[in-house]
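Trainee: I have a new model open and want a quick tour. Can we start with the sheet?
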Amino acid sequence: MHDDDRETAADVILAAFADPTRYGRERLVEQLAPAAMPFYRRFFVARRQGELVGVGGIKAADWASDTHILYLSAVAEHARGQGIARALIHTRIAWLMENYAHGRLLVSTARTRRFTRLGFRMAGKHDAGGRRLMLLEF
């Protein structure tokens, strides 16, 4: 993602999450900035006809144990159902596996079937607000 995409990406995420306390504009724009290794933070975007319609992040959770997190993923409402979210997930997993020989990838999701198909398994027995923590070891 380019620096000039940060504001638009923040708009896509804000529209997808109705929780201004957790997902305020200022925090999102700050989080959308890249961070260097080993505590990296990287975002990928999807475009349709030049318009930014999706965004998805990945970051280091703990560099010493090679643990990573998929986070701040959203697709603009008018672009949903076209495989954009799935493509962003695949892109981030591919990037991770190209850059790390082994590790763990965590995601908090309400769409457990989507991630089970990709080899993730449930981590723990409880959900939080309809979301489950899932883990992929590679």
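Trainee: In what order do the strands of the open sheet come?

Mentor: The order is β1-β2-β3-β4-β6-β5, six strands with mixed pairing. Two strands pair if DSSP finds at least two bridges between them. Helices (H or I, at least four residues) and strands (E, at least two) are DSSP runs, numbered from the N terminus.

Trainee: Which are the edge strands?

Mentor: β1 (41-48) and β5 (121-122), each pairing on one side only.

Trainee: Before we go on, what am I looking at, and how are residues numbered?

Mentor: This is a predicted model: local features need pLDDT of at least 70, side-chain atom pairs count only at pLDDT 80 or more, and totals for chains, interfaces and linings use all residues. Residues are numbered from 1 along each chain as its sequence is written, and side-chain values use heavy atoms, with hydrogens and water left out.

Trainee: Back to β1. How many bridges join β1 to β2?

Mentor: Eight, and the two strands run antiparallel. β2 covers residues 51-62. Opposite R41 you find K59 in β2.

Trainee: Which strands does helix α1 touch?

Mentor: Helix α1 (residues 6-16) packs on the sheet and touches β2 and β3 (67-75). Contact means heavy atoms within 4.5 Å. The direction of α1 makes about 85° with that of β2. Axes are lines fitted to C-alpha atoms, for helices over the stretch in contact, and angles run from 0 to 180 degrees between N-to-C directions.

Trainee: And what does helix α3 touch?

Mentor: β1, β2, β3, β4 (104-109) and β6 (132-137). Helix α3 spans residues 84-99, and its direction makes about 35° with that of β2.

Trainee: Zoom out. How many helices and strands does the protein chain have?

Mentor: Four helices and six strands. Along the sequence they read α-α-β-β-β-α-β-α-β-β.

Trainee: Why is the protein chain called as compact as a globular protein of that length?

Mentor: Its radius of gyration is 15 Å, close to the 14 Å from the globule rule for 138 residues, so it is as compact as a globular protein of that length. That radius is taken over C-alpha atoms, and the rule is 2.2 Å times the number of residues to the power 0.38. The C-alpha trace spans about 35 × 30 × 30 Å along its principal axes.

Trainee: What share of the residues is buried?

Mentor: 38% of the 138 residues. Buried means under 20% relative accessible area, exposed over 50%, partly exposed in between (1.4 Å probe, protein chains only).

Trainee: New topic: the backbone. Which peptide bond is cis?

Mentor: The one from M37 to P38, with omega near 0°. P38 sits in the loop between α2 (25-31) and β1. Most residues other than glycine have a negative phi, and most peptide bonds are trans.

Trainee: So what is phi at Q49?

Mentor: Near 50°, which is positive, and Q49 is not a glycine. Q49 is in the loop between β1 and β2.

Trainee: Is Q49 buried or exposed?

Mentor: Exposed, because its relative accessibility is 87%.

Trainee: What about D66, buried or exposed?

Mentor: D66 counts as buried because its relative accessibility is 19%. D66 lies in the loop between β2 and β3. Its phi is positive too, about 55°, although D66 is not a glycine.

Trainee: Last one: where is A128?

Mentor: In the loop between β5 and β6. A128 counts as exposed, at 56% relative accessibility. From A128 to S65 it is 63 residues in sequence and 25 Å in space, C-alpha to C-alpha.
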